[in-house]
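Headings divide the text by topic.

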Amino acid sequence: MKIWEKIYLVVIALFLLVLNTCNILIFRSSYEKSVDLVKQAAESSWKYMAISMTEDLSEIENERTAEWQLFQSYVSNYCTRQCAFELWRGQELRERSGIADQITYSSSEGTLGSEFWADKKEQEEVLGLEEGKGKITILEREGEKYSCTAGRLGTTGYQLVIYENVSEALRVWESQMITFVWMEMAASLLMAVLLYHIIRRFLEPVSRISKITGKIAAGDYTCHLEVKGNDELSGLARDINHMTEQVRETVEYKEAQARQKQEFIYALSHEMRTPLTSVRGYAELVRNTDVSPEKQLEYMDYIVRESGRMVEITETLRQVMLLRQEEMETEEIPLGDLAGWLQQMADRQLAGKDIVWKFEAGKGAVTGNRILVEIFFLNLLRNSYHACRDDGMISLCLGEKKAVIEDNGTGMTKECLEHIYEPFYREDKSRSRRLGGSGLGMYLCHYIADRHNWEMKIGSEKGVGTIIEVYFTTI
C-alpha cells in the first residue's frame, strides 16, 4: 500500500469518527432539548388544570356522581388537543377519557383500566408520587408518542394524569435528524472524494521522488526532479537533484580518470615499444652481423639515445607519481635566484643551438616547492628550445604575480593546444624522436601547476611562436 493511500485511510477514518461523534452528541442534545420543551409544555398544562380541579374536588366530598360530572366538565373544557385524562384515587382509576375524545368513563360503570400502561410496576412508579411532586414521562403507544404528566391534587387524595400526543413535535425533530443524517452521508462522501484527490495530488511528488531515487539506485544519474514551491517536498526534491548532480559529476570524473589512465597506458606502451624495438634490433645487428666499427658506434649511439629516452620517460613518471602522493613542502624562492639557476641550466643542457636567451626577474619571491618549481620552468624552457630554430629567441620574465615564457619557434595549431596536456601527444609524430623528449613535459607541468594552484594560459600561432603566462594565484 502506498503512503498516500495509508494517509488517506487514516485521515478519512479520523474524519468520519470525529464527524459522527459530533453529530451523535448534537442529535442527542437536540433531542433532549425537544423533549424538555415538550415536558415543560405538558407540565404547564397539567398545573393549569390541576389548580382549578383541586379546589373543585375538595368541595364535592367524594360524591361519585358529582366527581364524574366534574371530570366531564374539565375534559370538555380542556380537551382541545390530542389529550387524554385520567383521575386516580390511590390505586383505583376512577374516571378516564380517550385521546382527543370528550367521552368519559367512570368506575361506577365497572372496573376501569388505563390504555397507556402495560407494565404495572412502571405505572405504580409514575402514579404513586408523594404530595407536591410529579413526574413527566414520554410513552409510546401504537407508534405514537405521548407525554404522561402525573401528580397529586393537593390533599384531596386524587391524582390527575394527562396524556398528550407529542408525536408531531418529536416527528419534526426526527425528520430533521433524518435529513441531517443524509446530509452527513453526502458530506462524508464528498469529503472522501475531495480528500482522495487532494492527498493524492499533494503526495504525488513523493511518488515521483520514489521513482527517481529508484532510477538513481539503478545507476541513472541523468534524471531530474521538477521543483515547484518552497515546501518540505520541494526542498527534498532540490536536495535530491543536487545529490544526483554531485554523484553524476563524480561518476563522470571517475570515468574520465579511468579513460585517461587507460589512454595513458596505451600511449605509454606504444611510446616504450618503439625505442625498445629499435634498441633490440640494433643490438641484434651488432651481435649477429659483421659490421664495421663505424657502424657499430652509430648503432651503439642510437641504443644509448633510445635507452636514455626510456630512462627519461620513467623518471618523469616517477616524478608524477611522487607529485600525487607526497606532501608538498613550500618555501620562499627569490625570483632572482630562480632566474639565475634557470639560466645556468639553459647554458649547460640547452646549448646545441644559437638561441638568444633573455632572462628577467623582478624583486620579491614566489612561494612553492623549490624542486617542482625548477622542474616546471625548466620543462617549459626545454619545450621552447626544441620548438626554435638555430637562430631562435627565448625570453623568461619572472614577476611576483606572474611569469611569461615566450619564443619565436614553430608554434602550435588550435588542435594541438586542445591536447597540450595529454601525455605523449604531439602534433609532429616524429618530433620527439628527432629532437628528444619524453612527451610528458606539459603533462608534468600541468600537475605541478595544479598542486600550486597556479593558472596557465597558452597562446600560440603556427609559424610565429608561443607565449605561456603563469599566474601565481595562491600560496
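Glu469 counts as partly exposed, at 22% relative accessibility; buried means under 20% relative accessible area, exposed over 50%, and partly exposed in between, with a 1.4 Å probe and protein chains only. The side chains of Lys402 and Glu469 form a salt bridge of 3.3 Å, N to O. Lys402 belongs to strand E11 and Glu469 to strand E13, so the pair ties together parts that are 67 residues apart in sequence. A salt bridge here is a side-chain nitrogen of Lys or Arg within 4 Å of a carboxyl oxygen of Asp or Glu.

**Basis of the model**

This is a predicted model, in which local features need pLDDT of at least 70 and side-chain atom pairs count only at pLDDT 80 or more, while totals for chains, interfaces and linings use all residues. Residues are numbered from 1 along each chain as its sequence is written, and side-chain values use heavy atoms, with hydrogens and water left out.

**The chain as a whole**

The chain has 12 helices and 13 strands. These are DSSP runs numbered from the N terminus: helices are H or I with at least four residues, strands are E with at least two. Of the 475 residues of the chain, 36% count as buried. The chain exposes about 28400 Å², and carbon and sulfur atoms supply 54% of that area; accessible areas come from the Shrake-Rupley method with a 1.4 Å probe, and for residues only the protein chains shown count as cover.

Among contacts between residues at least 6 apart in sequence, 62% join residues at least 24 apart. Contact means heavy atoms within 4.5 Å.

**The nonpolar cores**

A nonpolar core is a set of buried Ala, Val, Leu, Ile, Met, Phe, Trp, Tyr and Cys residues joined through side-chain atoms within 4.5 Å. In the largest nonpolar core, which has 39 residues, Phe376, Phe377, Leu380 and Val470 touch the most other members. At least two residues of this core come from each of helix H8 (335-349), helix H9 (370-387), strand E10 (393-398), strand E11 (402-407), helix H12 (441-452) and strand E13 (465-471). H9 gives the largest share of this core, nine residues. Apart from it lies another core, of 18 residues, among them Ala50, Val75, Cys83 and Leu87.

Which residues does Phe377 touch, not counting residues up to four places away in sequence? They are Leu338, Leu342, Leu396, Leu398, Ala403, Ile405 and Phe472.

**Helix H12**

H12 has 12 residues and reaches 17 Å from its first C-alpha to its last, close to the 16 Å expected at 1.5 Å a residue. The expected span is 1.5 Å times one less than the number of residues. The buried residues of H12 are Gly441, Met442, Tyr443, Leu444, Cys445, Ile448, Ala449 and His452. Just after the helix, Asn453 takes a positive phi of about 60°.

Arg94 lies in strand E2 (residues 92-97). Is this residue buried or exposed? Arg94 is buried, with a relative accessible area of 7%. Its side chain makes a polar contact of 3.3 Å with the side chain of Glu67. A polar contact is a pair of N or O atoms within 3.5 Å; within protein, one must be able to donate a hydrogen and the other to accept it, and residues adjacent in sequence count only if both atoms are side-chain atoms.

Thr104, in strand E3 (residues 104-106), is buried at 8% relative accessible area. The side chain of Thr104 makes polar contacts with the side chains of Trp68 (2.9 Å) and Gln72 (3.1 Å). Beyond its neighbours within four places in sequence, Thr104 is in contact with residues including Phe71, Val75 and Arg96.

**Other salt bridges**

The structure holds nine salt bridges. One of them joins Glu115 and Arg96 through their side chains, at 3.3 Å from N to O. The pair links distant parts of the chain, 19 residues apart: Glu115 is in the loop between E3 and helix H3 (120-127), and Arg96 is in strand E2. Glu115 is partly exposed at 39% relative accessibility, whereas Arg96 is buried at 12%.

Lys47 forms a salt bridge with Glu43, with the closest N and O atoms 3.3 Å apart. Because they are four residues apart in helix H1 (residues 3-60), Lys47 and Glu43 are separated by about one helical turn.
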